[in-house]
Amino acid sequence: MKLSQFKTHQIQFSLVTQSPIHQRHNSTDYELTLSVQYKSLNMQKSILVLLLFMAVNVQLMAQSDIIFKESIAQIGYSDEKCSSAAKLLQENLNKISTVIFDINPKSKNNGIQLKITSNKKDNYFEIISDQKQIKIIANSPLYLEYAVTTLLEIWNIKKLTPNFTYYPEKKVLHYPKNKIIREQPSFNFRAILFPGAYDQAFRKWHKLDWSVGDFGLWGHTFSQLIPKNHYFKENPKMFALYNHERNSGSICYSNDTVFKVLKENLKRSIAENPEATYFSVSINDDVINCECTDCKKLNAKYGTPQGAHYYFLNQIAKEFSSIKIVSLAYLFTHQPPKNLKLKSNLYPMFCPIEANRAEALDQGRNKNIASTLTNWTALSKNVIVWDYTVEFSNYLSPFPNFQTFDANYNLFKSNNVHGVFAQGYADIPGSFSELRQYILAKLLWNTSATFTEITHDFLNGYYGKAAPFIQEYLNLLEENQIQSNSYLDIYADPFAARHTFLSPKNRNNYEDLLIKANNSTNDEVVQKRILKLKLDLDYVFFEQAKFYGKEQYGMYEKIGNKFIVVPNLQQRVVDFTKYCNEFGIYELSEGGLSPDAYLQDWLFIANNNVVDHLGEHTKMSFLTQPSYEYSAKKEKGLQDGIKGYKDFTINWTGWYGENAEVEIDRSATDFNSIEFQCLEDQRHWIFLPAKVQVLGFSENKWTLIDEVIVQPIAENYKVNLQKYTFNSNELKKYEKLKLIAVQQPKVPAWRERKTKKPMIMIDEIILNKI
């Protein structure tokens, strides 16, 4: 008989039950409906048995959760040290639970129990559920709070910034029975330097240490422990012998007086900071190291040029054996010493400042950095990494290095580093600072988390309906940077990326995505967050507009016979300043301009730095080649009608270590006046020329027309502009002219470094007929 001859019957079976935990973000109940066809009585019996079996299993699934109802919505503890964690738990759960959680120290059998164990060996916490309750166990009150925030995040409560915690809608809370979570940090020391770090609640939620509070002395400290104002004049031998002269930029490691003075000053600092865990004994932010005979011997024995430094630190660590002594592995102390066993209380802080931030530290151009880190961790189990995570020269310029975070923090973990300090914008909310600090905090605690997962959580909670467009913006930034394969420098400028990820075309695409993000939501709070992201792109436009000047994308356009600032551009800069101040962005770079000072500089440039002159159409040639990085427009940079200002990176042409010589063709232009400026920025080794000469060429020989001898330079760290003018009808007698700016014979003593030569910077060479 054929199957088609059987009579067909149907059974429908429904079961309403409470949802299991994996559905806790949806409704609290669901209905299971099964519709099955059968063709025989035996088949009917089999299906009924199957349906009953499934019903029982579905019910068991529902019962596999602890469901927080009135009777078990209690938080209990036996030790008063648990009270802070209990209050944190109660405060947050009552914002998402349909029942009220009460703190009842006597409650022992149901709800959530908090406990501090006597095991102090390892920092850890556990979240353990049985059939009736959740137990939160930690070895300290602090780690008990860490456990609480982990539990809260399981229920989708996210502290995204110090001022914003995401809460889901109220619901019946479920938690799986018989589940064990045990967590320990990926690193023993975990610190970020972003706005969130200044908020204690944010630090606790994200399980962060605090560099300001945990360090009695921080960073570069030789100048604090051996201040030059106290000792250099009377005892210069305490300081480094550098290029045959004593230099206050560093100390002499083999000088007994240095050891005694530093020891006493360190002892005083320890007494003044009894709560601190670490004390930095580190070089100043400079390349100067002592070259006296005894220090050279130590370097020869323990590694040049770092050996004397680490030998000295070992002696200090020996004197303070109960104190954790941190020292920056930075510049000339970057490499580990040789033939030297470091004291167990010495903590090298590895600082890969030279890294290409477009790649992970173990990839491509950074592989040597990873090798050096491996050498350090082979020598010491106390290595801390100083991770540079932002662009310090421009806090509001997009910096697409997010894609490197996963690999870098897994590299640190695999090398068993002791801790990581992720340096950011300090207390300034720079480009994507909210997302950056959130990602880094999560990875510092648990390197198995991923950038993709963390970013998804953050964007959805912080930007709501606009999140997909912000994610697309981030993806596009990353794709454009990767495609360009360009070096990502922490001291770069927006105009340096004008041909790569910050090209005008790319910038317009980013702006389009932010417009879509803004239009996708009516939430004014979210729209203001999107506005903050737009400030990044505005800043890039303003900086690039200075560079492009009269060209396309520049800040000027020609109306009739005159160049003026592009309409509405000035108002955009005014609005930018206003919003920066509203968002608390009080500084636009590390130690740089405030928004108000930026506006004043921008207005000065707009009103003073565009010129029309005969030199714009005159042939000029370099007789000596300027430095590649300071000649972006080549000869055109000297004759594009745009003058430079105080920023040496924009609209200045620079010669490093040799005279600046420019030839000017006289044949097609009638002029009798030459004017130009030189920049003085001694902090960046830019000095005024020793003299300036104008020569004329006629009858196959060069003749000196005029010369200006510059006054001897003095120590000065203000940025200055010096104008040079040559007005003479003699200029008309020659076929061509030569302009020479003669370098200083050497870098002056107060800025002398072996690796540095003086630099001359010249801007627009203005030719006119007067």
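Colleague: How many residues does helix α8 have, and how far does α8 reach?
Modeller: Helix α8 (residues 256–272) has 17 residues and reaches 25 Å from first C-alpha to last, close to the 24 Å expected at 1.5 Å a residue. That expected span is 1.5 Å times one less than the number of residues. Helices here are DSSP runs (H or I, at least four residues), and strands are E runs of at least two, numbered from the N terminus. This is a predicted model, where local features need pLDDT of at least 70 and side-chain atom pairs 80 or more, while totals for chains, interfaces and linings use all residues. Numbering starts from 1 along each chain as its sequence is written, and side-chain values use heavy atoms, without hydrogens or water.
Colleague: Which residues of α8 are buried?
Modeller: V258, F259, V261, L262, N265, L266, S269 and I270. Buried means under 20% relative accessible area, with a 1.4 Å probe and protein chains only.
Colleague: What is L266 in contact with, sequence neighbours aside?
Modeller: Beyond four places in sequence, L266 is in contact (heavy atoms within 4.5 Å) with L217, L225, F279, V281, I316, F320 and I325. Along with Y463 and W602, L266 touches the most other members of the largest nonpolar core, which has 149 residues. A core is a set of buried Ala, Val, Leu, Ile, Met, Phe, Trp, Tyr and Cys joined through side-chain atoms within 4.5 Å.
Colleague: New topic: how do β28 and β31 pair?
Modeller: β28 (residues 691–698) and β31 (residues 736–742) are antiparallel, over seven bridges; pairing needs at least two DSSP bridges. V694 has L739 in β31 as its bridge partner.

Methods. Buried means under 20% relative accessible area, exposed over 50%, partly exposed in between (1.4 Å probe, protein chains only).
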